[in-house]
Amino acid sequence: MSDVLQMIPMDMLQKNESGRIVEIVGPHDWKHRLQELGLRDGAIVRVVKPGTPAIIAIDGHRFSFRSDPNTVVLVELLPA
C-alpha cells in the first residue's frame, strides 16, 4: 500500500465527494481571501454541486465558488 499523497484540483471533485485542502497555489491576495472564507490547509471541503460556479460546503457552511484561472486549490481526495 502506498502512502503517496494524491492531490487533485478541487475543481475535479464530483458531487458529494470530499477532499482535504493541501495547498492553495496562486496570487497572495486571492489565497488570503480564500483563507478568510475558510479554504485553508487541512480544511475538509465537500462539493454540493459541481460546475461554474460550484457550491461547496466547509464546516457546515455553503459557498458559491468560482475558481480563478490563476489560482488552484489542491485537495487530497477522501474516501466516501
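**Reading a predicted fold**

Author: Proline 53 sits in the loop between S3 and S4. Keep in mind that this is a predicted model.

Reader: What makes the bond between threonine 52 and proline 53 a cis peptide bond?

Author: Look at omega: for the bond joining threonine 52 and proline 53, omega is about 0°, and the bond is cis.

Reader: Okay, on to serine 18. Why does serine 18 count as buried?

Author: Serine 18 has 17% relative accessibility. As for its place, serine 18 belongs to strand S2. Leaving out residues up to four places away in sequence, serine 18 touches Leu13, Ile44, Val45, Arg46, Glu76, Leu77 and Leu78.

Reader: And why is aspartate 59 called exposed?

Author: The relative accessible area of aspartate 59 is 69%, and exposed means over 50%, so aspartate 59 is exposed. You'll find aspartate 59 in the loop between S4 and strand S5 (61–65). Its backbone deserves a look too: phi is positive, about 50°, although aspartate 59 is not a glycine.

Reader: Where is asparagine 16, and what is its phi near?

Author: Asparagine 16 lies in the loop between strand S1 (7–9) and S2. Its phi is near 70°, a positive value in a residue other than glycine.

Reader: What makes up the largest nonpolar core?

Author: There are 16 residues in that core, and those with the most contacts inside it are Met10, Ile21, Leu39, Val45, Ile56, Val73 and Val75. Strands S2 (18–25), S3 (44–49), S4 (54–58) and S6 (72–77) each supply at least two of its residues. The largest share, 3 residues, comes from S4. Take valine 45: beyond residues up to four places away in sequence, its contacts include Met10, Ile21, Ile56 and Val75.

Reader: How do you know that the chain agrees with a compact globule?

Author: A compact globule with 80 residues would have a radius of gyration near 12 Å, and the chain has 12 Å, so the two agree. The C-alpha atoms fill a box of roughly 40 × 25 × 20 Å along the principal axes. Of the 80 residues, 29% count as buried.

Reader: Which order do the elements follow, and how many helices and strands are there?

Author: The chain has 1 helix and 6 strands, running β-β-α-β-β-β-β from the N terminus on. Among contacts with a separation of 6 or more, 62% involve residues 24 or more positions apart.

Definitions and conventions: Residues numbered from 1 in each chain as written. Predicted model: local features only at pLDDT ≥ 70, side-chain atom pairs only at ≥ 80, totals over all residues. Heavy atoms only, no water. Core = buried A, V, L, I, M, F, W, Y, C linked by side-chain atoms within 4.5 Å. Buried < 20%, exposed > 50% of the residue type's maximum accessible area, 1.4 Å probe, protein only. Helix = DSSP H or I, 4+ residues; strand = E, 2+ residues; numbered from the N terminus. Contact = heavy atoms within 4.5 Å. Rg over C-alpha atoms; globule rule 2.2 N^0.38 Å.
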